[in-house]
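Trainee: I am new to this structure and would like to learn how to read its features. Could we take them one at a time?

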Amino acid sequence: MKVVPFLGRPRHSKLPAEIQISSLYDRIQAVRDPKASISSLLNQWIEEGQTVSKPQLQSLVRIMKDFRRFHHALEISQWMTDRRYFTLTPSDAAIRLDLISMVHGREQAESYFNNIPNNLKTSSAYGALLSGYVREKSVEKAEATMQKMREMDFATSSFPYNMLINLYSQTGNHGKIEALIQEMQSKAIPCDAFTVRNLMVAYVAASDISAMEKFLNRMEEDPHISVDWNIYSVAASGYLKVGLIDKALEMLKKIESNRPHLERLSAFKFLLSLYARTGHKQELYRVWNLYKPSYEYPEAYSCMITCLTKLDDIEGAEKIFQEWECECTMYDFRVLNRLLSAYCKRCLFDKAESLVNKVIEERMPYASTWNILAKGYVEDKQMPKAVEMLKKAISVGRKGWRPNSIILDACIEYLEGQGNLEEIEEIARLCKNLGIPDGDIHHRLLRTSAAVNTSSISRVFRVLPYSTESLTSNAPKESLQSRISPAIDLRVSIVPALEQWRKEGGSIKQQDLHRLIRKLRTFKRYNHALEIYEWIRDKFYFDISPGDVAIQLDLISKVHGLEQAEKYFNETPNSLRSFQVYGALLNCYSQKKSLEKAEAIMQEMRDMGFVKTLTYNVMLGLYSRLGKHEKLDNLMQEMEENGIGLDSFTYCIRLNAYCATSDMEGMEKLLMKLETDPAVNSDWNAYIVAANGYLKADLKEKAVEMLKKSEQFISGRSRRFGYEILLTLYATMGNKTEVYRIWNLYKTIGKFFNTGYVAMVSSLLKLDDMDGAEKTFEEWLSGNKFFDFRVPNLLIRAYCKKGLLEKAEQLVSRAIEQGEEPIAVTWDALAAGYHENNQMEKAVDTLKKALLATSQGWKPNPVTLSACLEYLKGKADVEEAENLIRLLREQSLVSAYDSDILVNYIRSEEPGSNTIAQMLWDHEDLDAETDGVVDLKQESIS
């Protein structure tokens, strides 16, 4: 794997340049808007007399790219050559090409490629172009690029073939994969690990065991391929899938033949799971006794307990648990929960309670433990016990935790039948304390109270989160939406849930399905929304409208790419090709920044009389995003000539474009036109855009004038958001008086919003008003209804930046004392503070806490993480470094492949010249207990 230079703080003080670049990284990272320009920041860095080398800028480009801040990565790449006059290498050109594709779209990438000198059009550049086509699932263009690479003798490695294999897999063109493999063979291009894994998984998915065997045999005979445990585990899964147990065992023996592999936890867990699937218990024990890791790896013990319970060996599972419990240094309830689940499934409740009671003597179980017991009792119809366990689960649950809805519903239904008002009221109060919104509980509570004693209704309202008016209706019934909503994993199909609903006789109305599709689109679950449309088409005969076609067109573009959307459009009957459908296709082209096709479809819409204000706004937005500002005025003039009115969006798009080019004269003229346009109401957003323009041009007095005008139009529901923006902009100007004035207006809204306090504390810190920020924080702390860590995090970062680590620690301690569990971002900020102040032991400990509190989408600061690992490597603390890497792996922040590379790096004797950051975020890893699915790591463009 190719890596970039280390950006964390080195353990040797003789590397000051590396420390400087860490500060530059911090400045760039502080720019929260990923599309905001950082050129002025880079220029300021140089003006301050700081230095920056080309390797450092290349490192920043790669890190920004890793964090998907593609605009910033591209800006640094361009600044590197335009302002620092560094020579562009073929590798730099390839990376820039890839970034242009992601930021500006395929057409701009093609234009850049066509205009670079021939000496930069190396295999790397063609590979980047091919990668862009694969990303957009553009089969035709990808194949054309591959053909050019063949003609130029660039298709000499496995990389372009792997890219096409991935593309064909994604688009269902499996028949073309074999032809690629044959071509590789004819050219004597060896398959690498990525090729082998891709193909093996594909064969298993298709249950094509014969093809899998032929391919595996060929790979084993190839001296250039190292067939590792991943490949054999996929093969074993394939054999198990079709019931060939002996052949699966043969593959497992091959895994064992390479013992060093089994030192990896993921390999060991795979091996255990696969042996359990064969049903050979003695073999499972043999493998466990031969290769089991230390007691510090609870995941291995959890896996073994699960395997034994699958084989109905409860006694064996108990012994494994006792062995772990006697020796472990850190108690992990996940191990206990595996055995507890097995007891409950077999109705061994005495054993289950005895196990939990023994643990309670020394430590407090998590909500998940009590929830398992509650589930077991519900399934065994021991409802009083189930209610007792459910209450314990909710009482210890952390914010964000939710009880199993089936268990909760069963317990409430039981209590309602018993007329037990007190118990329902207690559960309702516990749910309310945990922040669980459940109208059904409160409806049942009100209904039961009415049945038991009408005079008790008044006390019920003390635990209700909403008005009595909303409670007079019937309790909500289960809906199809409630079935679909939990399926948040976008990789999991919702068709089985739809079929089950239909089988149960659930109501299926077209308007309900349309409502559900709208909801899914709102939450960006595009593939699930598309699945509903396809299910409707296959199972029902509902009339399809042009609106349906337009929505499907948009979904197909998002899920399957532009080519598939165009195919769907071309197959749509003319009778359904309305303005909505053409508009949807235009919007698809705009989203993909496909200018030529957008202009062509726009012309068709002109010819058909389909153009409206919305149509022009789409094109204006596209031109603006592509920087083609010269076309905006022509388009707006065309609108006026055709009697098509401008709306507030039209004006804002054009105002933004003027700001982007610092054309203050054009902006002022358009603003005057907006103010005199009788068809458009003046909008506070337009003045905010103008204020931003003046700020960019350093015309602060005019910016203030615009903000004052904007304030006049802020009213009603827009007050909250409008005032928050004003706070931020006045702080940017350094105008503390106006910040406090707007804050006092904000508080007249009468409602308590965490986002307002985030904006105010952030603004005061920007003004270096630490006392004011602390007072505002205390005000928030005394009045908040929901503890939002974004507010204290602002102060924690500020304290750390000023070296006030004791204050930062006190803030975290206060939150914990109030029963709040700090989130990963909080610990990460504190760890960064320790790192910047060279307290590396504390940085390591705090970073571990951040990793244990990982939430979806969060990633640790790469500079801090790299520094911690380098620090541990420098002091030869391999065990602690491996524990840190293990946490990264467990939280799916690195793949098994990359964690192995990290461990090897830590164990090596080489000095810390390579970075850890590059390998941290590239790839996702799949759960070690899934059947035969392995890590598929794409090669990076060099």
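Mentor: Start with a charge over a ring: NZ of Lys or CZ of Arg has to be within 6 Å of the ring centre and within 35 degrees of the ring normal. Here, in a predicted model, Lys558 lies over the face of Tyr526, at 5.2 Å from the ring centre. Likewise, Arg577 is placed over the face of Phe569, at 4.6 Å from the ring centre.

Trainee: What is the average pLDDT of the protein chain?

Mentor: The pLDDT is the predictor's confidence in each residue, from 0 to 100. The protein chain averages 81, and 85% of the residues score at least 70. Among the elements, confidence is lowest in helix 26 (residues 457-460), with a mean of 41, and highest in helix 45 (residues 790-801), with 94. Over residues 1-21 the pLDDT stays under 50, and the model has 58 contacts beyond four places in sequence for them. Residues 911-915 also stay under 50, with 19 such contacts.

Trainee: How many helices and strands does the protein chain have?

Mentor: The secondary structure comes to 52 helices and zero strands. Of the 942 residues in the protein chain, 51% count as buried. Among contacts with a separation of 6 or more, 64% are between residues 24 or more positions apart.

Trainee: How is a pair of aromatic rings described?

Mentor: By the distance of the centres and the angle of the planes. A search of the whole structure finds 16 aromatic pairs. In one of them, Tyr126 and Phe154 have ring centres 5.6 Å apart and planes at 55°, so the pair is tilted. Tyr126 belongs to helix 7 (residues 123-135), while Phe154 sits in the loop between helix 8 (139-151) and helix 9 (158-171), so the pair ties together parts that are 28 residues apart in sequence. Tyr126 counts as buried because its relative accessibility is 6%.

Trainee: Are the rings of Trp743 and Tyr746 stacked or tilted?

Mentor: Their centres are 5.4 Å apart and their planes at 15°, so this pair is stacked. Both residues lie in helix 42 (residues 736-746), three residues apart, which is about one turn of the helix. Trp743 counts as buried at 3% relative accessibility, and Tyr746 is buried with a relative accessible area of 2%. Elsewhere, Phe777, Trp780, Phe787 and Phe789 form one aromatic cluster.

Trainee: Where does Asp788 lie?

Mentor: Asp788 is in the loop between helix 44 (770-783) and helix 45. With 9% relative accessibility, Asp788 counts as buried. A polar contact of 2.7 Å joins its side chain to that of Arg790. Apart from neighbours within four places in sequence, Asp788 is in contact with Asn754 and Trp780.

Trainee: Which residues have the most contacts inside the largest nonpolar core?

Mentor: The general idea is that, in soluble globular proteins, nonpolar side chains tend to be buried together. The largest nonpolar core here has 151 residues, and those with the most contacts inside it are Ile28, Ile76, Met200, Leu272, Phe321 and Ile427. Helix 15 (residues 265-278) supplies the largest share of this core, nine residues. Not counting residues up to four places away in sequence, Ile76 touches Ile28, Ile38, Leu42, Leu57, Leu60, Val61 and Met64. A second, separate core has 149 residues, including Met639, Cys659, Ala686 and Ala881.

Conventions. Residues are numbered from 1 along each chain as its sequence is written. This is a predicted model: local features need pLDDT of at least 70, side-chain atom pairs count only at pLDDT 80 or more; totals for chains, interfaces and linings use all residues. Side-chain values use heavy atoms; hydrogens and water are left out. Helices (H or I, at least four residues) and strands (E, at least two) are DSSP runs, numbered from the N terminus. Contact means heavy atoms within 4.5 Å. Rings of Phe, Tyr and Trp (its six-membered ring) pair if their centres lie within 6.5 Å; planes under 30 degrees apart count as stacked, over 60 as edge-to-face and the rest as tilted. Buried means under 20% relative accessible area, exposed over 50%, partly exposed in between (1.4 Å probe, protein chains only). A nonpolar core is a set of buried Ala, Val, Leu, Ile, Met, Phe, Trp, Tyr and Cys residues joined through side-chain atoms within 4.5 Å. A polar contact is a pair of N or O atoms within 3.5 Å; within protein, one must be able to donate a hydrogen and the other to accept it, and residues adjacent in sequence count only if both atoms are side-chain atoms.
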